[in-house]
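Reader: Please show me the model. I would like to go through it by question and answer.

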Amino acid sequence: MLACLACATTVNAQVSLGLRSGYVNAGMDVSSGGNGNADTKSLHGWQAGFYLNIPLFPNGALQPGFSYITKGAQLPFSGEQNIDVALPGATRIKLQYLELPVDLVYKIPIGIGKLALGGGGYVAYSTRGDYELAIYKEGQLLQSSSQRLDFSKDPNVFSTGLNLQRWDAGLNARATIEFNCYLTLGVNYSYGLVDIDKSAGKVKNRYFGVSLGVLLNREDW
């Protein structure tokens with residue numbers, strides 16, 4: 001961020017601050033050592049953070065940011081049918097990240113403001129992980145409880161063999177309407193390029209987000 005500010009000072013640009021928060025539909029691409037991909041389902045979460053808007057050229061801006069975001073997925077588990085045995089298993093993984101995205105956007109003037117289109121990359125660090133541990137008997141849920149994920153253990157998600165790590169990185173795509181009334185409405189999609197599972201399988205994060213925010217200043221105001 002300091003480097004970006006220095007760059008903005010060099011080009012005599014007007015740097016502005018933006019705030020945004022909203023909904024996240026997260027998922028994981030999970031494959032386990034040659035057994036194919038797991039049929040995971042999306043996890044509902046949220047995101048909140050800020051970003052800098054640094055004009056670099058006419059209608060173009062660099063937008064580094066810092067945000068809190070929840071990622072993860074629902075895991076397929078309901079015990080086994082026709083077996084009179086209670087079996088435990090993980091049914092949800094929830095990871096909380098501090099994320100630093102850096103996007104390059106191009107702004108198109110429209111009647112109600114500007115449409116900013118672009119993308120870039122991100123790096124993220126998980127500050128906490130949790131998973132839901134459920135006990136099923138013949139497909140019926142007996143009980144469930146939330147368990148803290150210990151990143152120092154191997155494996156660290158009971159019944160899955162997963163050994164999740166804290167660091168993640170990937171690519172972003174973003175579209176934002178910057179309204180003339182200072183408000184912003186945006187959508188973004190991120191896909192992880194890093195395998196966050198240190199075991200034989202592969203796990204990659206992905207999510208779709210919708211956010212509302214405010215841009216406290218803009219280069220043409």
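Author: First, a definition: a salt bridge is a side-chain nitrogen of Lys or Arg within 4 Å of a carboxyl oxygen of Asp or Glu. This is a predicted model, where local features need pLDDT of at least 70 and side-chain atom pairs count only at pLDDT 80 or more, while totals for chains, interfaces and linings use all residues. Residues are numbered from 1 along each chain as its sequence is written, and side-chain values use heavy atoms, with hydrogens and water left out.

Reader: How many salt bridges does the count come to by this rule?
Author: Side chains of opposite charge can pair when their charged atoms come close. One network of salt bridges links Lys71, Glu99 and Asp168. By the rule above, the count comes to eight.

Reader: Which elements are in the protein, and in what order do they run?
Author: Helices (H or I, at least four residues) and strands (E, at least two) are DSSP runs, numbered from the N terminus. The protein has one helix and nine strands. From the N terminus on, the order is α-β-β-β-β-β-β-β-β-β.

Reader: Arg206 forms a salt bridge with Asp29; how many residues apart are they?
Author: The closest N and O atoms of Arg206 and Asp29 are 2.8 Å apart. Partly exposed means between the cut-offs for buried (under 20% relative accessible area) and exposed (over 50%), with a 1.4 Å probe and protein chains only. Arg206 is partly exposed at 27%, and so is Asp29 at 30%. Arg206 is in strand 9 and Asp29 in strand 1, and the separation is 177 residues.

Reader: Is Asp103 buried or exposed?
Author: Asp103 pairs with Arg174 in a salt bridge, with closest N and O atoms 2.9 Å apart. Asp103 lies in strand 4 and Arg174 in strand 7 (residues 167-179), so the pair ties together parts 71 residues apart in sequence. Arg174 has 9% relative accessibility and counts as buried. At 1% relative accessibility, Asp103 counts as buried.

Reader: What is the relative accessibility of Asp130?
Author: The side chains of Arg128 and Asp130 meet in a salt bridge at 2.9 Å, N to O. Arg128 is partly exposed at 33% relative accessibility. Asp130 counts as buried, at 8%.

Reader: Which residues have the most contacts inside the largest nonpolar core?
Author: A nonpolar core is a set of buried Ala, Val, Leu, Ile, Met, Phe, Trp, Tyr and Cys residues joined through side-chain atoms within 4.5 Å. The largest has 23 residues, and those with the most contacts inside it are Met28, Ile93, Leu95, Val157 and Leu164.

Reader: Which residues of strand 9 (202-215) does Met28 touch?
Author: Contact means heavy atoms within 4.5 Å. Strand 9 is one of the strands that supply at least two residues of the core. Leaving aside neighbours within four places in sequence, the contacts of Met28 include Val203, Lys204, Asn205 and Arg206.

Reader: Which residues lie nearest the centre of the largest pocket?
Author: On a 1 Å grid over the protein atoms alone, a pocket is an open set of points where a 1.4 Å probe fits, with protein on both sides within 12 Å along at least five of seven lines; lining residues have an atom within 4 Å of a point. The largest pocket is lined by 17 residues, and nearest its centre lie Val30, Ala38, Leu75, Ser159 and Thr160.
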